[in-house]
Amino acid sequence: MAVATLVSRVVGFVRLVVLASALGMGSRLLDSYNVANTLPNAVYELVLGGAMASVVVPLLVRAALTESDGGVVYAQRLLSLGVYGLGAVTLIAMISAPWLVAVYTPGFSDEQHDLAVLLCRFFLPQILFYGLSATAGAVLNTRGRFAAPMWAPVVNSLIVIAVGLTYLAIGGTTSITSMPTGQLLLLAVGTTAGVFAQMILVVWALAHSGFTLRPRLNPRGIGIRRIGRLGGWVLVSVVAAQILLAVATRVASLSGPGGVSAFQIALTVFQMPFGVIVVSVMTAMLPRLSRHAAGRQHGHIVEDLSQAVRLAVVAVAPIAVALTVLGPQIATLLFAHGRSSPSAIALLGAVVAAFGAALVPFTGFMILQRGFYALQDTKTPAAITVGVTAVGAAGCFAASRLLPRATAVVGVPLAYAVAYTVGLTAAALLLRRRLGRIDGRRLLRTHARVAVAVGLSGSCAGLTVYALTPLLDSPNRGALIIVTTAGVIGGAVYVAVARLVHLTELRQLVTTALAGSRLC
């Protein structure tokens with residue numbers, strides 16, 4: 001799963017680079033495109049995304065264990081209900097597109113707003129495609145098949161990469177006032193075609209797993225009231241998270257052209273290590289946690305959560321330091337191409353660096369949430385997420401007031417860092433009360449050793465950047481040399497110090513990765 005997710009994230013990254021080059025980092029066109037392409041994901045998360053991991057997967061696992069047919073009919077009814085419900089939501093969202101765009105973009109001009117609304121009309125059907133893909137993927141996961149849901153996003157990204165390269169090859173405009181209809185259709189239809197292809201691949205894999213794809217007109221028997229009761233609190237949690245995203249995007253839009261794209265691209269850079277490492281761990285862990293919760297094996301739940309958090313922090317902490325130290329160089333290396341402006345790249349680099357502070361607390365918070373979900377407690381994480389949103393929104397508001405308007409977006413990641421640190425602390429305390437313990441001594445010991453290792457490695461990488469920067473003239477070539485040299489030195493120091501302080505989790509990660517590479 002980690003290999004598939006890594007490929008998916010890398011290809012997704014290439015997609016970002018191609019789109020930034022084709023549409024122009026810092027252009028109003030890229031900002032409008034990014035906002036319009038974000039809305040289907042936001043609406044999908046509000047309707048189903050949060051419930052997928054916290055409600056749907058545990059219910060599918062229970063149905064597979066208790067139903068005489070292994071939960072096949074239950075899964076068929078759930079898929080059918082998803083088609084009906086998401087189809088209706090998609091229609092409502094398309095009608096509401098002007099208001100949805102306005103919520104996220106108070107800093108947009110009238111032309112930007114109108115273009116974003118027009119693109120939304122093409123992008124919002126992705127809600128249905130994402131929902132079907134996720135539900136079919138959940139059924140596959142409960143049947144022990146993880147490959148197709150992990151590889152399907154690669155197909156999506158490859159199609160969008162082809163669209164971006166085609167747009168660049170035909171000399172597509174970056175102006176929002178004189179865009180030909182053909183170029184608009186290329187971007188709009190091509191982007192949605194990628195999501196459609198992703199859905200088709202996952203559904204095809206489900207059909208070939210031996211599962212019968214059969215529509216069930218009557219959804220009775222899947223426990224709609226139970227789903228609603230559990231999902232109601234999940235909805236509160238997701239709404240809170242989307243409010244934080246909306247507030248952050250509004251602050252970014254006030255930073256002028258390129259602000260929204262800088263925030264969203266930096267957010268994607270920030271989430272990449274989380275998606276490669278942590279999502280793989282959580283996807284495999286959640287069905288097992290659900291089985292342990294069903295058997296009231298709280299000791300096993302604590303052990304699984306502790307191991308997941310320790311392995312994740314060992315993996316993501318050095319990446320967090322790398323983002324902080326090398327943010328400007330990473331932005332230059334990846335996005336200073338095509339039609340991107342130097343000022344937009346500089347802003348992006350600052351935002352990427354600031355996001356490094358949020359990676360570790362965000363990772364721990366997301367893993368501990370799964371402990372509550374496995375226990376089918378959706379109320380507690382919802383309350384915690386509301387608190388996270390309140391802290392994060394206050395931080396974003398403070399950034400918009402205290403920082404210059406053109407750089408207010410740089411304060412958004414710092415607000416995220418504070419908010420998720422508060423959320424992680426609250427989740428740990430409440431989970432300890434629920435389970436009796438959370439393996440706190442071992443967790444603190446691992447975090448302390450990691451702090452020593454990343455502190456020394458980050459210092460060495462920072463000194464390398466300081467020493468090399470004045471010696472290099474070419475920004476792109478200089479960024480490559482700096483990222484490579486500082487990355488190698490920082491990584492070597494991290495491994496060496498980890499061995500000295502007996503950070504055994506790092507050895508476990510390396511062993512697992514080597515075993516996975518041999519299997520591949």
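This is a predicted model: local features need pLDDT of at least 70, side-chain atom pairs count only at pLDDT 80 or more; totals for chains, interfaces and linings use all residues.
The expected span of a helix is 1.5 Å times one less than its number of residues. Helix α14 covers residues 379-402, 24 residues in total. From its first C-alpha to its last it reaches 35 Å, close to the 34 Å expected.

Which residues of α14 are buried? They are Pro 381, Ala 382, Ile 384, Thr 385, Val 388, Thr 389, Gly 392, Ala 393, Cys 396 and Ala 399.

Take one of them, Thr 389, which is found in helix α14. Its relative accessible area is 8%. Buried means under 20%, so Thr 389 counts as buried. What does Thr 389 touch, leaving aside residues up to four places away in sequence? Its contacts are Ala 240, Ala 241, Ile 243 and Leu 244.

Now turn to the aromatic rings. The structure holds eleven aromatic pairs. One of them joins Phe 270 and Phe 355. Their ring centres lie 4.8 Å apart, with 20° between the planes, and the pair is stacked. Phe 270 sits in helix α10 (residues 259-294), while Phe 355 belongs to helix α12 (residues 342-355), so this pair ties together parts that are 85 residues apart in sequence.

Phe 270 has another partner, Phe 362. Here the centres are 5.3 Å apart and the planes stand at 55°, so the pair is tilted. Phe 362 lies in helix α13 (residues 359-374) and Phe 270 in α10, so the link spans parts that are 92 residues apart in sequence. Phe 270 and Phe 362 are both buried.

These contacts belong to a wider group. Phe 263, Phe 270, Phe 355, Phe 362, Phe 365, Tyr 416 and Tyr 420 form one aromatic cluster.

How many cavities of 30 Å³ or more does a search of the whole structure find? It finds two. Two or more lining residues come from each of α11 (298-335) and α15 (411-435). Helix α11 gives the most, with four residues.

How values were computed: Residues are numbered from 1 along each chain as its sequence is written. Side-chain values use heavy atoms; hydrogens and water are left out. Buried means under 20% relative accessible area, exposed over 50%, partly exposed in between (1.4 Å probe, protein chains only). Rings of Phe, Tyr and Trp (its six-membered ring) pair if their centres lie within 6.5 Å; planes under 30 degrees apart count as stacked, over 60 as edge-to-face and the rest as tilted. Contact means heavy atoms within 4.5 Å. On a 1 Å grid over the protein atoms alone, a cavity is a set of points where a 1.4 Å probe fits but cannot get out, and a pocket is an open set with protein on both sides within 12 Å along at least five of seven lines; lining residues have an atom within 4 Å of a point. Grid points are joined across faces, edges and corners, and a volume is the space filled by probe spheres set on the points.
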